[in-house]
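Me: Could you go through this one with me? I'll ask as I look around and jump between topics.

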Amino acid sequence: MSETWVSPEQVARLLGVSRRSIFERLRAGEFETRAAATSRNGRPRREILLSSLPASAQFEYAAQWMGSAATAETPRPDRERGIVPEHLKAKVEERLRAIEEGPVKSGVPDRTLREWKRRSARGEAALAPKLREDEGVSRRFRDNPRAAAFIQAKYLGEKLSAQLAHDALSREWKTVGDRGGVPSYDAVRKFLRRIPKVTETLARVGKRAAIAQCGPYVIRGRCAAMDCWVADHRVHDVFVYNTLFPEVPPGKAYRMWMTAIVDMGTQKMVGCVWAPTPSSRTICSAIRMGVAQFGFPKSFYCDNGKDFQSVARFLEANSIAVTSALPFNPRSKPIEAFFTRFSKRFDRMWGAGYCGGQPALRSEACGEAQKQHERYCAGKEEKTLFYPDVLFIDGALQFIEEYNAAPQERLDRKSPNQIFDQQWPPTNRHAVDRRQLDQLFWQRDERTILQGGCVELNKVRYEPTDEGFMRLSLIQGKHAMIARDPYNLAAAVAFDLETGEFLGELQVQELVAQTPHGRFSVDGIRAQARRKSKIIKHSRDYLAAVQAIAVANGWKSEPERLLDRALAARTGTDNRLLAAVPGAGAGDTPPPPPRAALPELAPMFVSDTVIDLGEIELEDSAAPGAPGTAPIGPKRAQRELPPSPFVSDGVQSLLDLPEDE
């Protein structure tokens, strides 16, 4: 509680001394003081700390304040009625007739009629009988202010019940009572019920409860879609057991947290993530989910916790105004209403797993389910009554989809999806540069690029998208930095390990359904074959460029160079065999026969097996042998080709084939 400061004049009245005496005690340092507002003479006014006064003065102050102000039991002689109560309307009409009839006919004295006529000028309610000055005031405690202060000190200060406070008053009545006997228990209860609710809640519960239950609140007007997003965390009132998160032991029962983002104008849920513990990582995941689908909002309204403040820098860098809610004030966050709806309509449907928002609300069935789950984890039970977290998340996603599509009274019987699409149609949604969102991928792992540009993370295989397929396929076997969001495993991004350069996007590889002559099987095989043809065509074009450069520069192959050096060593300038050559005779020798042309040599750069990878053609329809289709398999050109010193015949035939469609 805050400290209480009183003026020197109040202290003089409490102690029963003069004001001059109080200032003399202040100069002697008897009381603790502080400087307050400046007085008329320009000097600062002094205030005295109530706790530094004698106990008798403190008790007298409490008796004066708690016996009147806190209970609103001060007699009010100026009380007037604003309207005429139903049981007094006949009385008012009778007095109005008496005023019209006069003193002779009505039998009312003239002086009384003049008073009624004067009061009727203020309205008919003034003609009703006057209110009692002490109506609603306990006479016993009005006549015993020390007893009123005592009973409230026990009830509000010590937080005793009304019965215990009455028992204490009965024991101490000789010291705190001024006149009469001990008030009855009913009198004490009636007196305590007149304490204002805000005062009682503040004293017995706390400030947060007093503000939440008794404080005023603002009713917000509806704003447009994408004007403001509201985000916060909430723990579900349901026990589930772990099957997803490595930071929680497998099978352990726990309560899952949800990080949600709601569009304030349309009440549409735009992003949500579940985790065992909320953090800035779950906030990043929810923001990325919403921004990737709808774009950036104009403003972002969030809690004032450290996890939200760390994400605020990213939002402000993208020109988004960030506003923090008032601390310890749930009403300042509009998303709390959505959480209340979620708790009442979703959490309660999970049977024995529902544990309530407070331990006092936890059912016996939930406690028995916890014990059974412990035996289940120990291998002593065959089943558990708790649901796995993966099924709980599936159910929550379905509930959110139905919530977004359901008409609501506060939206004029329209659904959040309808309002959102009307105010923010898909044609107005500008695509966000996905590279801006890469920094929201907070988990980074070093991985080796596998065949086809794929990587493997936690036993999940990711494949490159069509845009990044070529670049990632060409660095097979090299290391790269993979950034991802473990709470949203649908996508990841690859970066160069040393330079941080963007390499390409990754997505979870889908399994091709094995259905005989099914559409999905054929389409999946065709998609993979197109990717193979693409990478082979790229390599084939590169090899063709290498060959063209070699031919244009007249470069000879290494065997041809070796034979040239060998022939130069065998003969001199006159084509005679050198003596150093084994078997050469002395004297002139007949000239050698004319040298035949060197045969074209074997391939130098590419083997014949390249052709097996580059010439894959697929059926155009699912059924084999259909009209207009060609069998899947390699195809070679059956014609003589001139040999090449750098590329084999197989590669040359590959280069002469027509381009793939």
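**Disulfides and cysteines**

Me: How many disulfides does the structure hold?
Reply: The structure holds 0 disulfides. Please keep in mind throughout that this is a predicted model.

Me: Is Cys272 buried or exposed? And what about Cys284?
Reply: Cys272 counts as buried because its relative accessibility is 8%. Cys284 counts as buried too, since its relative accessibility is 13%, and the cut-off for buried is under 20%.

Me: OK, stepping back. How many helices and strands are there?
Reply: The secondary structure of the protein comes to 23 helices and 15 strands. The protein has 661 residues, of which 36% count as buried.

Me: What is the accessible surface, and what share of it belongs to carbon and sulfur atoms?
Reply: The accessible surface of the protein is about 39900 Å², and 53% of that area belongs to carbon and sulfur atoms.

Me: Let's look at α15. Which of its residues are buried?
Reply: In helix α15, which covers residues 335–345, the buried residues are Ile335, Phe338, Phe339, Phe342 and Ser343. They lie on the same side of α15, because they cover an arc of only 135° around the axis.

Me: What do they pack against, and which exposed residues sit on the face turned away?
Reply: The buried residues of α15 pack against the strands β4 (228–241), β5 (253–263) and β6 (268–275), and also against α17. The face turned away from the buried side carries Lys344 and Arg345, both of them exposed.

Me: You mentioned α17. Where is Val390 found?
Reply: Val390 is found in α17, a helix that runs over residues 389–405. Val390 counts as partly exposed because its relative accessibility is 32%.

Me: Which residues make the nonpolar surface patch with Val390?
Reply: The patch is made by Leu244, Tyr387, Val390 and Leu391, and its area is about 340 Å².

Me: New topic: Val92. Where is it found, and what does it touch?
Reply: Val92 is found in helix α4, residues 89–106. Leaving aside residues up to four places away in sequence, Val92 touches Val84, Glu124, Leu127 and Ala128.

Me: How far apart are Val92 and Glu124 in space? And why does Val92 count as buried?
Reply: From C-alpha to C-alpha, Val92 and Glu124 are 6.9 Å apart, although 32 residues separate them in sequence. Val92 counts as buried because its relative accessible area is 2%.

Definitions and conventions. Residues are numbered from 1 along each chain as its sequence is written. This is a predicted model: local features need pLDDT of at least 70, side-chain atom pairs count only at pLDDT 80 or more; totals for chains, interfaces and linings use all residues. Side-chain values use heavy atoms; hydrogens and water are left out. Patches are made of residues with over 30% relative accessible area and no salt bridge: like charges are joined within 9 Å, nonpolar side chains (Val, Leu, Ile, Met, Phe, Trp, Tyr) within 5 Å. Accessible areas come from the Shrake-Rupley method with a 1.4 Å probe; for residues, only the protein chains shown count as cover. A salt bridge is a side-chain nitrogen of Lys or Arg within 4 Å of a carboxyl oxygen of Asp or Glu. Helices (H or I, at least four residues) and strands (E, at least two) are DSSP runs, numbered from the N terminus. Buried means under 20% relative accessible area, exposed over 50%, partly exposed in between (1.4 Å probe, protein chains only). The arc is that of the directions from the helix axis to the C-beta atoms. Contact means heavy atoms within 4.5 Å. A disulfide is a pair of cysteine sulfur atoms within 2.5 Å.
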